[in-house]
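Morning, everyone. Please bring the model up on your screens, and we'll walk through it together.

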Amino acid sequence: MMQPRVVAMEEGKEPISANKTNLFRALPSRLLVFCLLFLGVGVGLSIISMYSVRFSMVQQLATKATSAVQPLFQDYGTTIDNFIRPPSNLMHNMNDTELLWRASFVPQIKDYPFKRVPKIAFMFLTKGPLPLAPLWDRFFKGHEELYSIYVHALPSYTAGYPPSSPFYGRQIPSQMVEWGRMSMCEAERRLLANALLDISNEWFILLSESCIPLHNFSIIYRYISRSRHSFMGSFDEPGPYGRGRYNPHMQPEVTLSQWRKGSQWFEVNRKLAIDIVVDTTYYPKFKKFCRPACYVDEHYFPTMLTIQSPHLLANRTLTWTDWSRGGAHPATFGKADITEGFFKKIFEGQVCLYNGQPSTVCYLFARKFAPSALDPLLGLASKVFRY
């Protein structure tokens with residue numbers, strides 16, 4: 001009688017053992033799913049965090065990049081005043097290709113929608129300091145709204161002008177320059193391009209550290225602003241120092257009959273300044289085929305502008321230079337040379353054409369003056385130059 005119960009109990013063990021086994025199998029599966037979900041959430045949060053940090057770094061880098069070029073590429077806002085305001089800092093980050101492209105922007109509507117006061121851009125091509133700066137300080141004083149200054153010096157040179165000086169902060173990004181090489185004309189194009197960024201600059205004068213003004217600012221401004229021509233020497237000179245420097249490989253862009261020579265020191269209006277910086281036709285020819293003893297700074301601009309716009313040139317320079325002593329360089333004048341009689345000889349006997357009429361005022365500037373000439377020049381400035 002007892003055996004069936006034992007059997008029943010033994011038979012009852014089978015269902016109980018099966019239920020426990022199923023329960024133990026279910027628990028690890030749920031735990032695995034929970035772990036996988038937890039792992040997935042963790043990975044997702046890590047990815048989100050990683051991209052958040054990366055986005056924050058990109059924003060910081062973008063902010064730094066924007067601030068680095070802020071002087072030229074700034075938020076102009078919505079007013080015309082902000083758009084036409086010249087760069088406050090001349091030391092930008094553009095290379096020459098970018099600079100020339102930016103300077104080539106030309107409004108297609110000739111009438112300005114604002115009161116534009118045309119200025120003269122005084123462009124100084126120097127090796128370093130301007131020893132005659134105190135004389136120029138006196139010349140510029142009181143005419144701050146009618147001029148801009150740009151200085152191209154050696155890249156290693158850092159100017160130390162006081163904030164009160166008109167030359168303070170006027171040095172542009174520069175490159176090395178070799179006398180008689182295309183790098184000289186490239187520096188001149190660089191000066192023009194930087195000056196063109198100020199839409200108020202209408203006339204552009206190239207000067208050296210040894211130049212001085214022969215008249216006061218009012219006379220020079222009136223002379224240049226009222227002229228129908230730009231002042232660049234451009235003449236056909238026979239002989240070894242003119243046509244003798246021509247290379248037939250410059251054809252067909254430049255023929256021998258088009259070859260011209262002129263002084264390096266020029267004045268051009270805004271239209272001609274733009275023509276110079278946008279040129280890609282004559283530049284490669286002169287760079288390749290006009291090398292010493294062909295001095296490119298005496299031929300490139302005079303030839304190109306004579307071909308393109310001969311009616312706009314006065315065919316003379318505004319800068320007096322003494323070549324009477326001969327040689328590759330003009331005479332340099334020091335302290336002992338600076339007298340009233342010296343400048344009387346310069347002023348007397350001048351005859352030229354100005355707007356098609358004879359004029360006795362032909363030179364507005366003169367060179368070359370040594371640093372030792374500064375003190376006597378300052379002593380004569382008010383009496384001889386009227387400034």
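Start at threonine 303. Set aside its neighbours within four places in sequence, and threonine 303 is in contact with Val254, Gln258, Trp259, Arg260 and Phe286. Keep in mind that this is a predicted model. Threonine 303 sits in helix H9, residues 300-308. Is threonine 303 buried or exposed? Its relative accessibility is 0%, so threonine 303 counts as buried.

Stay with H9 for a moment. H9 is part of what covers the buried residues of helix H7. The cover also includes helix H3 (96-103), helix H5 (182-196), strand S3 (201-208) and strand S5 (267-269). Now look at H7 itself, residues 270-278. Which residues of H7 are buried? They are Arg270, Leu272, Ala273, Ile274, Asp275, Ile276 and Val277. That is seven of the nine, so H7 is largely enclosed by the rest of the structure.

Next, the cores. In soluble globular proteins, nonpolar side chains tend to be buried together. Here the largest nonpolar core has 50 residues. Phe122, Trp136, Phe167, Ile212, Phe343, Phe369 and Leu377 touch the most other members. Helix H11, residues 374-385, gives this core its largest share, six residues. The core also draws at least three residues from each of domain 1 (84-106 + 115-317) and domain 2 (318-386).

Zoom in on leucine 377. What is leucine 377 in contact with, leaving aside its neighbours within four places in sequence? The partners are Leu132, Leu135, Ile212, Ile338, Phe343, Phe369 and Phe385. There is also a second, separate core, of 46 residues. Its members include Met123, Ala187, Phe204 and Trp259.

The largest pocket holds about 1200 Å³. How many residues line the largest pocket? There are 43, and Trp179, Gln264, Trp265, Trp323 and Arg367 are the closest to its centre. By class, the lining has 17 nonpolar, 16 polar and ten charged residues. Where does the pocket lie? Domain 1 and domain 2 both give residues to the lining, so the pocket lies between them.

Last, the whole protein. Its secondary structure comes to eleven helices and nine strands. Of its 387 residues, 44% count as buried. Take the contacts with a separation of 6 or more: 79% of these join residues 24 or more positions apart.

Key
Residues are numbered from 1 along each chain as its sequence is written. This is a predicted model: local features need pLDDT of at least 70, side-chain atom pairs count only at pLDDT 80 or more; totals for chains, interfaces and linings use all residues. Side-chain values use heavy atoms; hydrogens and water are left out. A nonpolar core is a set of buried Ala, Val, Leu, Ile, Met, Phe, Trp, Tyr and Cys residues joined through side-chain atoms within 4.5 Å. Buried means under 20% relative accessible area, exposed over 50%, partly exposed in between (1.4 Å probe, protein chains only). Helices (H or I, at least four residues) and strands (E, at least two) are DSSP runs, numbered from the N terminus. Domain bounds come from an automatic or database domain assignment. Contact means heavy atoms within 4.5 Å. On a 1 Å grid over the protein atoms alone, a cavity is a set of points where a 1.4 Å probe fits but cannot get out, and a pocket is an open set with protein on both sides within 12 Å along at least five of seven lines; lining residues have an atom within 4 Å of a point. Grid points are joined across faces, edges and corners, and a volume is the space filled by probe spheres set on the points. Ala, Val, Leu, Ile, Met, Phe, Trp, Tyr, Cys and Pro count as nonpolar, Asp, Glu, Lys and Arg as charged, and the others, Gly among them, as polar.
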